2 protein chains.
Amino acid sequence: MQPPQTSDLNLSSRILLGPGPSMVAPRVLRALSQPPVGHLDPEFLTIMAEVQELLRFVFQTENELTIPVSGTGSAGMEAALCNFIEPGDRVLVAVNGYFGERLVDMAGRYGAQVDRVDRPWGEVFTPEEIETALGEASYKLLAIVHAETSTGACQPDIEKIAAAAHRHDALLVLDTVTSLGGLPVEIDAWDVDVAYSGTQKAISCPPGLAPLTVGARARDVLANRQTPVANWYLDMTLVTKYWGSERTYHHTAPVNMNYALREALRMVAEEGLEARFARHRQHAETLWVGLEKLGLPPRAPEAYRLPTLTTPQLPEGLNEAAIRKQLLEEFNIEIAGGFGPLAGQIWRIGLMGFSARRENVTLLLAALKELL
Amino acid sequence: MQPPQTSDLNLSSRILLGPGPSMVAPRVLRALSQPPVGHLDPEFLTIMAEVQELLRFVFQTENELTIPVSGTGSAGMEAALCNFIEPGDRVLVAVNGYFGERLVDMAGRYGAQVDRVDRPWGEVFTPEEIETALGEASYKLLAIVHAETSTGACQPDIEKIAAAAHRHDALLVLDTVTSLGGLPVEIDAWDVDVAYSGTQKAISCPPGLAPLTVGARARDVLANRQTPVANWYLDMTLVTKYWGSERTYHHTAPVNMNYALREALRMVAEEGLEARFARHRQHAETLWVGLEKLGLPPRAPEAYRLPTLTTPQLPEGLNEAAIRKQLLEEFNIEIAGGFGPLAGQIWRIGLMGFSARRENVTLLLAALKELL
């Protein structure tokens with residue numbers, strides 16, 4: 001075989017305003033590119049401890065089992081399910097968008113008997129309807145999405161939903177992929193049992209790791225399993241021996257990705273959570289006003305609209321794909337279309353982490369004005 | 001909660017001569033640190049196609065389904081099993097070291113009825129004994145390790161073992177984690193059905209991706225499954241829709257890690273496989289001679305000794321952990337100890353990819369001479 005011919009990497013400088021990945025600050029990219037040390041090197045073990053401490057801060061939790069899973073956000077989702085589900089367990093999933101659907105799919109693969117409580121894509125649940133659904137069987141686990149990346153809706157009242165789950169002896173698993181680092185996520189105050197996220201959204205680290213936190217109730221469930229976790233790579237009974245004090249080899253940690261995550265989390269800590277959430281909110285509000293003026297009003301009601309991801313309703317007949325193509329090719333701006341039942345009806349515009357800057361909002365609105 | 005206090009990343013410049021990760025060339029680190037583009041950006045789709053083409057070259061295969069799995073080598077191992085195993089399937093694993101043991105563990109988690117054929121750690125199998133074991137039941141799959149990272153032994157006669165598996169209608173799954181890019185791996189010529197590797201060994205890219213290749217027989221098995229793959233993240237029926245021509249979103253690919261892998265694979269292609277294998281062999285031979293002189297003869301017989309990973313037999317009574325600590329702290333050199341039945345008996349010295357350089361061999365031997 002002849003070796004393939006390729007040229008030097010020569011990428012366009014994209015302005016990433018889609019649902020992720022978001023842009024990455026230069027200092028995070030510098031950290032990413034430091035020469036690796038070994039995954040059992042004392043210097044790396046220190047980095048691991050710091051990453052855990054920083055993750056606890058952004059999750060606002062004291063949970064000891066708080067780690068970056070060695071995969072993207074979807075691996076975090078799978079870890080949040082497979083460790084706590086055994087064949088035959090009953091699981092309830094609240095579905096109001098694509099990621100709820102995915103939770104149903106994943107839970108089923110681990111042998112759970114999955115029931116669902118549904119809302120049309122884009123709506124949110126009341127704690128009362130969740131509690132009613134919880135009463136219909138004996139569920140081991142309730143899974144719900146905090147920030148639905150497919151619709152732009154933010155599920156409110158997580159604290160009440162957690163309380164409802166606990167009244168019914170169910171664990172609450174929370175998807176915070178598009179919320180963590182961009183709006184309040186209060187794992188301990190809300191009493192959430194398991195939460196996961198991705199690094200490539202409001203934390204603004206490249207994709208490749210999935211923050212995960214597991215509370216005491218869920219750790220008890222894990223410790224009392226009757227069967228091994230049906231997934232070796234994501235088995236927290238093994239992974240925690242590496243991330244815990246034993247430091248037993250499980251798999252080779254993605255060393256450089258952990259350098260980058262550490263630096264991205266340091267930037268979150270330096271900015272402060274309140275200031276960071278206010279920044280996301282401020283730029284999102286500017287975007288919303290601008291989109292209204294362009295005749296592209298955000299679809300999600302302001303009461304439960306995500307600051308991190310805005311989903312403008314598109315006028316009928318708009319060739320939305322052509323405009324997205326022009327944004328990318330002529331302005332280097334990436335935004336995304338809708339999918340599933342919302343295909344062609346919305347765009348998905350992310351203002352997350354290092355992407356959430358005034359210059360990006362102003363440019364996007366000006367570019368859209370030129371193109372529409 | 002108060003934000004944790006951390007300081008700027010300030011790592012030692014390690015000379016990585018353990019079982020992985022290996023050192024990474026500066027140009028690979030530069031590629032890693034390019035600002036990300038979106039995972040569905042046309043420019044990234046081009047990169048994906050190039051990574052696939054380059055992976056086919058190092059695997060020496062025409063297999064269309066040749067991709068980097070979005071996790072470390074262990075995720076590649078799990079992908080190589082979970083896609084082809086359904087509950088109740090009979091699986092045969094050849095075990096002569098730690099990674100064989102892990103294959104047994106993983107296959108069992110997917111409901112396989114796992115039989116094993118054993119050799120003591122450090123030995124290798126004859127095709128005849130594998131064929132005998134294959135005849136004892138109707139196996140769907142045989143898994144074997146090409147390069148055992150726990151022992152330094154290289155399994156010969158993969159071509160004959162593949163033929164034996166096929167005579168018994170079994171797929172051959174081959175672990176090439178510590179061989180790919182450092183010694184001949186001939187997927188098509190040997191007629192291997194599924195093979196996986198890691199990026200952080202002889203390919204010399206940071207850990208975080210797992211090259212995987214799947215041939216026609218195995219794709220047929222996948223297409224004819226009766227049950228869904230019991231692992232969503234690694235389900236190749238879904239992943240291939242993203243890596244194939246459909247480009248359907250599955251999970252967000254680790255964009256920057258793919259930049260780095262592309263660059264590391266380009267370096268393999270530029271060097272040429274023959275030259276690269278010769279370089280690994282040459283420096284390994286120098287190491288072997290030097291170790292003999294120091295009274296630390298390689299444990300694996302030369303007939304099946306890995307060039308990528310050397311395992312010197314340690315004299316009784318040597319405080320091997322103390323010497324490794326000195327190597328790290330006083331010379332910045334990382335090597336690893338043995339584990340399992342070989343704990344305390346061997347070291348594991350890797351000369352892989354960018355680590356396989358004359359200056360590293362000379363320094364290690366000189367440092368050992370000073371310390372012993």
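Strand 2 of chain A runs antiparallel to strand 8 (residues 210-214) of chain A, and 5 bridges join the two. Helices (H or I, at least four residues) and strands (E, at least two) are DSSP runs numbered from the N terminus, and two strands pair if DSSP finds at least two bridges between them. Within strand 8 of chain A, T213(A) is the bridge partner of T66(A). Strand 2 of chain A is mostly covered, with 5 of its 5 residues buried. A residue is buried if 20 or more other C-beta atoms lie within 10 Å of its own, exposed if 12 or fewer, and partly exposed in between, with C-beta atoms placed from the backbone.

This is a predicted model, in which local features need pLDDT of at least 70, side-chain atom pairs count only at pLDDT 80 or more, and totals for chains, interfaces and linings use all residues. Residues are numbered from 1 along each chain as its sequence is written, while chains are lettered from A and ligands numbered from 1 in the order in which they are written. Chain A has a mean pLDDT of 97, and 100% of its residues reach 70 or more; pLDDT is the predictor's confidence in each residue, from 0 to 100. The scores of the model are ipTM 0.97 and pTM 0.98.

A further sheet in chain A is open and has 3 strands in the order 9-12-11, with antiparallel pairing. Strand 9 (309-310) and strand 11 (336-337) of chain A stand at its edges, each with a single partner strand, so one side of each has no neighbour in the sheet. Strand 9 of chain A is joined to strand 12 (residues 347-350) of chain A by 2 bridges. L309(A) stands opposite G350(A) of strand 12 of chain A.

The largest nonpolar core holds 252 residues, of which A107(A), L142(A), L81(B) and A107(B) touch the most other members. The largest share of this core comes from helix 10 (residues 255-271) of chain B, which gives 9 residues. Such a core is a set of buried Ala, Val, Leu, Ile, Met, Phe, Trp, Tyr and Cys residues joined through C-beta atoms within 7 Å. Leaving aside neighbours within four places in sequence, A107(A) is in contact with L81(A), I85(A), V91(A), V93(A), A112(A), V114(A) and A143(A). Contact here requires that the C-beta atoms of two residues, placed from the backbone, lie within 7 Å. In chain B, helix 3 (residues 73-82) is mostly covered, as 10 of its 10 residues are buried. Among them are M77(B), E78(B) and L81(B).

Between the chains, 67 residues of chain A are in contact with 67 residues of chain B. On the side of chain A that touches chain B, two or more residues come from each of helix 1 (26-32), helix 2 (42-59), helix 3 (73-82), helix 4 (98-109) and helix 10 (255-271) of chain A. Helix 10 of chain A gives the most, with 8 residues. This side of chain A divides into 31 nonpolar, 23 polar and 13 charged residues. In that division Ala, Val, Leu, Ile, Met, Phe, Trp, Tyr, Cys and Pro count as nonpolar, Asp, Glu, Lys and Arg as charged, and the others, Gly among them, as polar.

Chain A superposes on chain B by a rotation of 180° with 0.0 Å of shift along its axis (RMSD 0.0 Å). The two copies are thus related as by a two-fold rotation axis. The superposition is by least squares on the C-alpha atoms of residues with pLDDT of at least 70 in both copies. Of the interface residues of chain A, 100% are also interface residues in chain B, so the copies meet through the same surface.

| Site | Feature | Angle |
|---|---|---|
| G20(A) to P21(A) | cis peptide bond | omega near 5° |
| G20(B) to P21(B) | cis peptide bond | omega about 0° |
| R247(A) | positive phi, not a glycine | phi about 55° |
| Q60(B) | positive phi, not a glycine | phi near 55° |

Most residues other than glycine have a negative phi, and most peptide bonds are trans. P21(A) is in the loop between strand 1 (15-16) and helix 1 of chain A. R247(A) belongs to the loop between helix 9 (236-243) and helix 10 of chain A, and is partly exposed, with 14 C-beta neighbours inside 10 Å. Q60(B) lies in the loop between helix 2 (42-59) and strand 2 (65-69) of chain B; with 18 other C-beta atoms within 10 Å, Q60(B) is partly exposed.
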